[in-house]
Amino acid sequence: TMAVAFFLSASFRTEAAGITWTNTAGGGWNTAANWSPNQVPGINDIAIITNTGAYTVNLDMSPTVSGFMLGASNGVTTQAFSMNSQTFTLNGPGTVTAHGVLNFNGGILNCSNILTVDGVCNWSAGIVTGPSPLMIDSGATVSMSSSSEKDVRAGVIVNAGMIAWTGGPFYLLEQWRVHESGGWRV
């Protein structure tokens, strides 16, 4: 009976809730009114920033989410997500679509699960860490600029797109790997 009780409890899962960004003028992540329902995405939530329009969501706290989607599936505008000194922890899969722009200006991007970039990542400073890879898909671009440090710590970058490194030190620390099928431009 103990084995049956364990099996039943292990198979019962709580599904993550989708919390959708609604403020197409942009704004701060930590403002509940910017999301639907009116709550800031947390550890059991999937943050969805896909409404069409040209706007930027500014990370103004250090959240942990169970999933992340940035960028509309179509249209001519882009949706941006900017982080400066915060820690953003991704415990489930994440995607930056072809219409998404990840502005990584500092802080820590903790990939506890795969983050796939199909759009643009502007990486001017900060640390990528975590056991799961940062996937740069074919057609995606990572622009590494500024004189600030960019570090990969205990993480993996899988590059099938283009990484353009135009400034500042780039450190691959601890146990790191770069899987390359794309290109680097220096």
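What share of the contacts in the protein chain with a separation of 6 or more comes from residues 24 or more positions apart? The share is 33%, where contact means heavy atoms within 4.5 Å. The model is predicted, so local features need pLDDT of at least 70 and side-chain atom pairs count only at pLDDT 80 or more, while totals for chains, interfaces and linings use all residues. Residues are numbered from 1 along each chain as its sequence is written, and side-chain values use heavy atoms, with hydrogens and water left out.

**View 1. The whole chain, before we zoom in.** The protein chain has 1 helix and 21 strands; these are DSSP runs numbered from the N terminus, with helices (H or I) of at least four residues and strands (E) of at least two. Of its 186 residues, 42% are buried. Here, buried means under 20% relative accessible area, exposed means over 50%, and partly exposed lies in between (1.4 Å probe, protein chains only). The chain exposes about 8800 Å², and carbon and sulfur atoms supply 56% of that area. Accessible areas come from the Shrake-Rupley method with a 1.4 Å probe, and for residues only the protein chains shown count as cover.

**View 2. Strand S1 and its partners S4 and S3.** Strand S1 (residues 17–21) runs parallel to strand S4 (residues 45–49), and 4 bridges join them. Two strands pair if DSSP finds at least two bridges between them. S1 also pairs with strand S3 (residues 35–36), this time in the antiparallel sense, over 2 bridges. Look for Thr20: its bridge partner in S4 is Ile48, and its bridge partner in S3 is Ser36.

**View 3. Aromatic rings that meet edge-to-face.** Rings of Phe, Tyr and Trp (its six-membered ring) pair if their centres lie within 6.5 Å; planes under 30 degrees apart count as stacked, over 60 as edge-to-face and the rest as tilted. By this rule there are 8 aromatic pairs. One of them joins Trp21 and Trp35 edge-to-face, with 5.0 Å from centre to centre and 90° between the planes. Trp21 lies in strand S1 and Trp35 in strand S3, so this pair ties together parts that are 14 residues apart in sequence. Trp21 is buried at 0% relative accessibility, and Trp35 is buried at 0% as well. Trp29 and Phe88 form an edge-to-face pair too, at 5.7 Å centre to centre and 80° between the planes. Because Trp29 lies in the loop between strand S2 (27–28) and S3, and Phe88 in strand S9 (residues 87–90), the pair ties together parts that are 59 residues apart in sequence. Trp21, Trp29, Trp35, Phe68, Phe81 and Phe88 form one aromatic cluster.

**View 4. Phe68 and the largest nonpolar core.** A nonpolar core is a set of buried Ala, Val, Leu, Ile, Met, Phe, Trp, Tyr and Cys residues joined through side-chain atoms within 4.5 Å. The largest one has 35 residues, and those with the most contacts inside it include Trp29, Phe68 and Phe88. Strand S11 (residues 100–111) gives this core its largest share, 4 residues. Not counting residues up to four places away in sequence, Phe68 touches several residues, among them Trp29, Ile46, Phe81 and Leu115.

**View 5. Ser82, a buried residue with a polar contact.** Ser82 sits in strand S8 (residues 79–83) and counts as buried at 8% relative accessibility. Its side chain makes a polar contact of 3.1 Å with the side chain of Asn103. A polar contact is a pair of N or O atoms within 3.5 Å; within protein, one must be able to donate a hydrogen and the other to accept it, and residues adjacent in sequence count only if both atoms are side-chain atoms.
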